[in-house]
Amino acid sequence: MGTLAVFLTCIAFLPYILSILRGQTRPHVFSWVIWGMNTSVAFLAILHAGGGPGAGVIGFSAGVTLFIAALAYIKRADVTVTSVDRLFFAVALAAMPLWYWAEDPLWAIWLITVIELLGFGPTLRKTWFQPFSESMTFMVLLVVRNALVIAALDHHSTTTVLFPAAMAAACLALIAIMVWRRPSWKRGR
């Protein structure tokens, strides 16, 4: 299951990476750094909680996410940083000390998951008004990948399941918006 989830991660992200290399996509560097940090902390927390191969997929995803951040920086994509960006960055940095202080990775997972879900807010809004601006195939692959991550976990608990389940739910919300809005958007054009 874990190997299949890594394979789906590659299939999902390869077109995105290629579009960055072609200059068609200009990702926000700071957002990808935050997402990479969050996913890295989630990987460590899930691994610590006995996640096994499922945690490895999240670790691989963290690496891909940080690679995209580096690629965005090298290609001089969007490097603007707002106050909200700084706030999310500070909260993401707080996850590790919170985990250490609480001596329980669950607190880090809750914090990281909330930050990741908040990060979906602008994309949900954009997709409502521009339902063709996101790839439904990409989102479906991420839902399946996260389901495989959960299936590949050696130990199922709130700590190990929360992050991948929440990411799958956020992707499902985007898919639902696309399915709901695309027909009416086409008629309105």
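Modeller: A helix here is a DSSP run of H or I with at least four residues, and helices are numbered from the N terminus. The model is predicted, so local features need pLDDT of at least 70 and side-chain atom pairs pLDDT 80 or more, while totals for chains, interfaces and linings use all residues. Residues are numbered from 1 along each chain as its sequence is written, and side-chain values use heavy atoms, without hydrogens or water.

Colleague: In which helix does W107 lie, and is W107 buried, partly exposed or exposed?

Modeller: The helix that holds W107 is α5, residues 105–129. Buried means under 20% relative accessible area, exposed over 50% and partly exposed in between, using a 1.4 Å probe and protein chains only. W107 has 48% relative accessibility, so W107 in this model is partly exposed.

Colleague: How far apart in space are W107 and L66, C-alpha to C-alpha?

Modeller: In sequence, W107 and L66 are 41 residues apart. Their C-alpha separation in space is 23 Å.

Colleague: Is W101 buried or exposed?

Modeller: W101 sits in helix α4, which covers residues 83–102. Its relative accessibility is 69%, so W101 counts as exposed.

Colleague: What distance separates the C-alpha atoms of W101 and P183?

Modeller: W101 and P183 are 82 residues apart along the chain. Between their C-alpha atoms the distance is 50 Å.

Colleague: At what angle do the axes of α1 and α6 cross?

Modeller: Helix α6 takes in residues 136–152, and α1 takes in residues 2–21. Axes are lines fitted to C-alpha atoms, for helices over the stretch in contact, and angles between N-to-C directions run from 0 to 180 degrees. The axes of α1 and α6 come within 8 Å, and their crossing angle is roughly 160°.

Colleague: How are α1 and α6 oriented to each other, parallel or antiparallel?

Modeller: Angles under 35 degrees count as roughly parallel, over 145 as roughly antiparallel, 65 to 115 as roughly perpendicular and the rest as oblique. The axes of α1 and α6 cross at roughly 160°. These two helices are therefore roughly antiparallel.

Colleague: How far apart are the axes of α2 and α3?

Modeller: Helix α2 is residues 29–48, helix α3 is residues 53–74, and the two pack at an angle of about 160°. That makes α2 roughly antiparallel to α3. The distance between their axes is 8 Å.

Colleague: What is the C-alpha distance between L141 and A5?

Modeller: L141 belongs to helix α6. Its relative accessible area is 17%, so L141 is buried. L141 and A5 are 136 residues apart in sequence, but the C-alpha distance is 9.2 Å.

Colleague: What is the relative accessibility of L4?

Modeller: L4 lies in helix α1. L4 counts as partly exposed, because its relative accessibility is 44%.
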